[in-house]
Amino acid sequence: MIKLLQSFLCLLLILVLAACSEAPRVETERPYYVASVDIEASMTEAEVIAKYGGSIVLFKPEAGFAVLAFNQEEGELSTLATTSANQDTFSVPEVSVAGASAWGGGSAAWGGGWSAWSGGWSAWLGGFSAWSGAASEGGPASNSTIWNQIKLKEAHAISRNFGEGIVVAVIDTGLDLNHPVFAGRLVANNKWRDYIDNDYYPMEASSGSGRGHGTSVASIILQIAPKAKIMPIRVLDALGKGDTDDVISAIDWAISNGANVINLSLGTYSSVSAMQSVIDYASYYRGVYVIASAGNDANTKAVYPAFWAEEAYYSYRFMSVGSVNSSDAPSSFSNYGASLQYFAPGERIYGAFPSNQIIHTTGTSFATPMFSGAIALALSETSSSYWGSVGQKLYSSTDGIGWRDGRLNVESLIRRLPGFSEPQYFIRNVQSNKCLEVYGGNTNNSANIDQWTCSSASPWHRWRLRPVGDSYQLINVNSGYVVDVTYASTDSGANISQYPYGGGNHQKWMVLSNGDGTFGFRALHSGKCMDVEGGSSADGVNIIQWDCHSGNNQKWRIELVN
């Protein structure tokens, strides 16, 4: 049991997976047992029921299995060795969430900072301007240290699609569907599902110890892959409890409605063969990535379904995740034994909370969506013909920390993807419509930086942006040198040139969103901004630093050119 910072919200995740019906579920209608049975491809549902009894939860003749539900009497008469209890079977220990507050810690609701962060192509740049602010902003700003640990900023700097086109199913307590962080970030509502109320509106409960769990999990995924779509599926009630057949049905729903990744921040110490059958089906037969949390008991055995991931022959698409602290040691609460594969940070992770709030959370439940988000990000960055290899690339990309298969490194994953090439950009001035360039394509130290009519054929017009903490190096593609304030001057009007990177703050630039799709570049050492001298629109005009202002000669667009 983990409690941090006067935890007012305990999430007892009890996942007991149960069959769905279209009418509201009555307690007496809940199946008492579930079982998985092997079937022939030619069998019909009626034949399966005639042979084994019960009712159908899942019928997959193409994969050679069906999942059946039984009432108590039927289950006790059944001779099936796979029969398992259904009601209240799955559980994980209590996790901790605390510190709920409005965006910014004040009276304002969660708003501009996050929506700017996750909007448009410039998702990562908009976000980093938020990260550059005070940590008390919450959300991405407060997670900056954690993102450094898993190299997320570096991954976003070399990403092009940020999860676009990828669907992540969050099978959980539901979501606060009205939270601003999810605006435009959910799949069409005909793909939502609620197995607790048996409808299609998976809204989190307004009270109870489970409130906020799914909302926080989904928001962490979107911090990793801000253009991915979330498929909300509710299987856990206000107390964080649910039934086995519901979760089995939810996994099938997610697969049938186009999920590429399934996040399961839940578990049990009871091995339920019916659950294993549907995990096999999702991962092996349908090629869906399934990410499951290891549990929070400081145990040397992960909870199910995460336990199965280590030995499964399809384990590259089915992963178990534990939690580490900021020093890459297993968290005191995390399960981390032989049945565990991977780790991600799981302590004090900031995310969304119902009623437009933010919160920090602790537990393997919140390390797991980092992997789900990383897989979504990676899938969007490579051709669908290579999607099956992404799990293997992840396996070879983790950082060795002396524990199992390693800790997530998102940058390394992206760099290992088939067909990867680092993005190159024009940096175009708003006033002149000219591009930042190294004068004449010069490759010498201290060559001037000026503006010129943009030419994609000129590598000295192209730039890479590489994170250094919360700032960036601006690297010229032609010379490999970085943009530098000459002689590290702090004066307005000081010239800007190129120079080999030496780590000085005069070679680091804050990238600041103007809120209109344009950005300013502010020198870290001087606090002054990159400026077209005199506001000129002519070719060859020098770039200098000057006191920051709102003029268009200090506003720049960042445009992908390769």
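Predicted model: local features only at pLDDT ≥ 70, side-chain atom pairs only at ≥ 80, totals over all residues.
Residues are numbered from 1 along each chain as its sequence is written, and side-chain values use heavy atoms, with hydrogens and water left out.

The protein contains twelve helices and 27 strands; these are DSSP runs numbered from the N terminus, with helices being H or I of at least four residues and strands being E of at least two. Of its 562 residues, 59% count as buried, where buried means under 20% relative accessible area, exposed over 50%, and partly exposed in between (1.4 Å probe, protein chains only). Among the contacts in the protein with a separation of 6 or more, 72% are accounted for by residues 24 or more positions apart; a contact means heavy atoms within 4.5 Å.

In soluble globular proteins, nonpolar side chains tend to be buried together. Here the largest nonpolar core has 98 residues, and those with the most contacts inside it are Ile233, Ile251, Ile262, Leu264 and Met275. A nonpolar core is a set of buried Ala, Val, Leu, Ile, Met, Phe, Trp, Tyr and Cys residues joined through side-chain atoms within 4.5 Å. Helix α10 gives the largest share of this core, ten residues. Apart from this core lies another, of 25 residues, which includes Ile427, Trp509, Phe521 and Ile543.

With residues up to four places away in sequence not counted, leucine 264 touches Ile171, Ile251, Met275, Ile279, Val290, Ile291, Ala292, Ser293, Pro305 and Thr368. Alanine 282, in helix α9 (residues 273-285), is buried, with a relative accessible area of 0%. Its contacts, leaving aside neighbours within four places in sequence, are Ile251, Ile255, Gly287, Val288 and Val290. Alanine 282 and isoleucine 262 are 20 residues apart in sequence, and their C-alpha atoms are 9.1 Å apart in space.

Two packed helices are described by the angle between their axes and the distance between the axes. The axes of α7 (residues 213-224) and α10 (residues 364-380) come within 8 Å and cross at roughly 40°. Such axes are lines fitted to C-alpha atoms, for helices over the stretch in contact, and angles run from 0 to 180 degrees between N-to-C directions. The crossing of α7 and α10 is right-handed, a term used if the near helix is turned clockwise from the far one by less than a right angle, with anticlockwise being left-handed. From α7, the contact draws on His213, Ser216, Val217, Ile220, Ile221 and Ile224; from α10, on Ser365, Phe366, Pro369, Met370, Ser372, Gly373, Ala374 and Leu377. These residues divide into nine nonpolar, five polar and no charged; Ala, Val, Leu, Ile, Met, Phe, Trp, Tyr, Cys and Pro count as nonpolar, Asp, Glu, Lys and Arg as charged, and the others, Gly among them, as polar.

A search of the whole structure finds two disulfides, each a pair of cysteine sulfur atoms within 2.5 Å. In sequence order, the bonded cysteines pair as 1-2, 3-4. Cysteine 435 is joined to cysteine 454, S to S 1.9 Å, and this link is right-handed, with 95° about the S-S bond. Because cysteine 435 lies in strand β17 (residues 435-438) and cysteine 454 in the loop between β18 (449-452) and β19 (463-468), the pair ties together parts that are 19 residues apart in sequence. In the other disulfide, the sulfur atoms of cysteine 529 and cysteine 548 are 2.0 Å apart. The torsion about their S-S bond is about 95°, so this disulfide is right-handed. Cysteine 529 is buried, at 7% relative accessible area, whereas cysteine 548 is partly exposed at 38%.

Most residues other than glycine have a negative phi, and most peptide bonds are trans. The peptide bond from tyrosine 304 to proline 305 is cis, with omega near 5°, and proline 305 is found in the loop between β11 (289-293) and β12 (318-324). Lysine 151 has a positive phi of about 60° and is partly exposed at 31% relative accessibility. Phenylalanine 162 has a positive phi near 55°, and at 0% relative accessibility phenylalanine 162 is buried.
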